[in-house]
Amino acid sequence: MMECSMKETVPKENLLNCSSRYLRKVFTGFYSLIQGMDITVKYFLNPKTVITQQYPENRDTLEMFERFRGPLSMPHNEKGENACTACGICEKACPNGSISVLATKDLSGRKVLGKYVYRISQCAFCGLCVESCPFGAIALTGDFELTVYERNELTWVLNEPRNETQGEC
């Protein structure tokens, strides 16, 4: 097969073949450009169809998707009690050790939850701890603004009701 180059003298029919191939590439390139710009023009003319979240401006109305995995939380009832029995299954299920269940004994000698320490800086947000909990004592939240200035603020004690203490272990 002969290349289309200017260095050699090319027969007239081969020159027509090269120029038709060139024009075909120009037209297909232009067509693909028009296809891509079609979406941009549609969004420009009808901005209601855009699904991009305008983040800092819509902070009050922003809801994360159902499948979003945020940090752990431990729901408490009205009395400030949680459903955790300090069994430690979630701690064993965590692949990188971001959970520590520190159990104590109550007056009757039963094992109860002393502290539930959650290190968000080590968490992979995989959800294995939530899936493994037989009592539904922990859940993943939709929080995503987790920036802090001090590293010790990324260690939370979750079993304190309504006040997830950060940085105190």
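1. Start with the surface patch: Phe-30, Leu-33, Ile-34, Met-37, Val-41, Phe-44 and Leu-45 make up a nonpolar patch with about 770 Å² of accessible area together. Patches here take residues with over 30% relative accessible area and no salt bridge, joining nonpolar side chains (Val, Leu, Ile, Met, Phe, Trp, Tyr) within 5 Å and like charges within 9 Å. Areas come from the Shrake-Rupley method with a 1.4 Å probe, and for residues only the protein chains shown count as cover. Met-37 sits in helix H1 and is partly exposed at 43% relative accessible area. For the wording, buried is under 20% relative accessible area, exposed is over 50%, and partly exposed is in between (1.4 Å probe, protein chains only).

2. A word on what you're looking at: this is a predicted model, where local features need pLDDT of at least 70 and side-chain atom pairs count only at pLDDT 80 or more, while totals for chains, interfaces and linings use all residues. Residues are numbered from 1 along each chain as its sequence is written, and side-chain values use heavy atoms, with hydrogens and water left out. Helices (H or I, at least four residues) and strands (E, at least two) are DSSP runs, numbered from the N terminus.

3. Now the inside. The largest nonpolar core has 20 residues, and Leu-72, Ile-99, Tyr-116, Tyr-118 and Ile-138 have the most contacts inside it. Strands S2 (99-105) and S3 (111-119) are the elements that give two or more residues to this core, with S3 giving the most, three residues. A core in this sense is a set of buried Ala, Val, Leu, Ile, Met, Phe, Trp, Tyr and Cys residues joined through side-chain atoms within 4.5 Å.

4. Tyr-116 deserves a click. Leaving aside neighbours within four places in sequence, its contacts (heavy atoms within 4.5 Å) include Leu-72, Cys-84, Cys-90, Ile-99, Ile-138 and Trp-156.

5. There is one aromatic pair. The ring centres of Tyr-118 and Trp-156 are 6.0 Å apart with planes at 70°, so this one is edge-to-face. It links distant parts of the chain, Tyr-118 in strand S3 and Trp-156 in strand S5, 38 residues apart. Both partners are buried: Tyr-118 at 0% relative accessibility, Trp-156 at 7%. The rule: rings of Phe, Tyr and Trp (its six-membered ring) pair if their centres lie within 6.5 Å, with planes under 30 degrees apart stacked, over 60 edge-to-face and the rest tilted.

6. Salt bridges come to three (a side-chain nitrogen of Lys or Arg within 4 Å of a carboxyl oxygen of Asp or Glu). Arg-59 and Glu-145 meet at 3.2 Å, N to O. That pair spans 86 residues, from the loop between H1 and strand S1 (72-73) to the loop between strand S4 (139-140) and strand S5 (155-157). Arg-59 is partly exposed at 47%, and so is Glu-145 at 45%.

7. Asp-38 and Lys-42 have their closest N and O atoms 3.4 Å apart; they are four residues apart in helix H1 (residues 12-45), which means about one helical turn between them. For Arg-110 and Asp-106 the closest N and O atoms are 3.6 Å apart, with Arg-110 exposed at 55% and Asp-106 partly exposed at 27%.

8. Two backbone spots to check. Ala-86 has a positive phi of about 60° although it is not a glycine; Ala-86 lies in the loop between S1 and helix H2 (89-93) and is buried at 3%. Phe-125, also not a glycine, has a positive phi near 55°. Phe-125 is in the loop between S3 and helix H3 (128-132), partly exposed at 24%.
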